[in-house]
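Subject: Structure handover

Hello,

Here is the structure I promised to pass on. Please open it first, then read my notes below.

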Amino acid sequence: MSASKVRLVARANEPMTEVFVVDGELNRVAAAVGRVDLELSPGIYKVKFKAGSSRGAEIYEQMVRLEPDAPVVKVTAPPLVFASAAPL
């Protein structure tokens, strides 16, 4: 890992939860399902977790500050409860 980069690991509790990372200029820098593991420049980021469809989605957002020379920064979403047409 480069000295100017910080590792961010964002993990959802449910494997089908969408995970997004947005930088301080509101650019999406990552999108995945279940987990994101990447190296970013120091700065402020928003990690967003989304479970369910657009109508019944549950969303959790957390701001994180990546400091230079920081160890791995980990973000874990709490359990997200969302509406479903069928019992799960």
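Two strands count as paired if DSSP finds at least two bridges between them. Strand 5 (residues 43-51) and strand 6 clear that cut-off, pairing in the antiparallel sense over nine bridges. Glycine 43 sits opposite leucine 66 of strand 6. Bear in mind throughout that this is a predicted model.

**The sheet**

Strands of a sheet pair through backbone hydrogen bonds.

**Salt bridges**

How many salt bridges are there? The count comes to four. Side chains of opposite charge can pair when their charged atoms come close.

Glutamate 61 pairs with lysine 46, with the closest N and O atoms 3.7 Å apart. Glutamate 61 is in strand 6 and lysine 46 is in strand 5, so this pair ties together parts that are 15 residues apart in sequence. Glutamate 61 is partly exposed, at 41% relative accessibility. Lysine 46 is also partly exposed, with a relative accessible area of 27%.

Another joins aspartate 37 and arginine 35, whose side chains meet at 3.1 Å, N to O. Aspartate 37 has a relative accessible area of 39%, so it counts as partly exposed. Arginine 35 is partly exposed too, at 42%. A network of salt bridges links Arg7, Arg35 and Asp37.

Glutamate 67 and arginine 65 also form a salt bridge through their side chains (3.7 Å, N to O). Glutamate 67 is partly exposed, at 38% relative accessible area. Arginine 65 is exposed, at 56% relative accessibility.

**The loop between strands 2 and 3**

Aspartate 23 lies in the loop between strand 2 and strand 3. What about its charge? Aspartate 23 is buried yet has no salt bridge. The nearest side chain of opposite charge is lysine 5, 10 Å away. The aspartate 23 side chain does reach the backbone nitrogen of glutamate 25, at 2.9 Å. Leaving out residues up to four places away in sequence, aspartate 23 touches Val29, Ile44 and Tyr45.

Glutamate 25 is in the loop between strand 2 and strand 3 as well. Is glutamate 25 buried or exposed? Its relative accessible area is 66%, so glutamate 25 is exposed. Glutamate 25 and tyrosine 45 are 20 residues apart in sequence, and their C-alpha atoms are 9.0 Å apart in space.

**The loop between strands 1 and 2**

Threonine 17 is in the loop between strand 1 (6-11) and strand 2 (18-22). Why does threonine 17 count as buried? Its relative accessibility is 3%, and the cut-off for buried is under 20%. Which residues does threonine 17 touch, not counting those up to four places away in sequence? They are Ala12, Ala32, Val33, Gly34, Phe49, Lys50, Ala51 and Leu80.

Best wishes

Technical notes
Residues are numbered from 1 along each chain as its sequence is written. This is a predicted model: local features need pLDDT of at least 70, side-chain atom pairs count only at pLDDT 80 or more; totals for chains, interfaces and linings use all residues. Side-chain values use heavy atoms; hydrogens and water are left out. Helices (H or I, at least four residues) and strands (E, at least two) are DSSP runs, numbered from the N terminus. Buried means under 20% relative accessible area, exposed over 50%, partly exposed in between (1.4 Å probe, protein chains only). Contact means heavy atoms within 4.5 Å. Lys and Arg count as positive and Asp and Glu as negative; His and the chain ends are not counted. A polar contact is a pair of N or O atoms within 3.5 Å; within protein, one must be able to donate a hydrogen and the other to accept it, and residues adjacent in sequence count only if both atoms are side-chain atoms.
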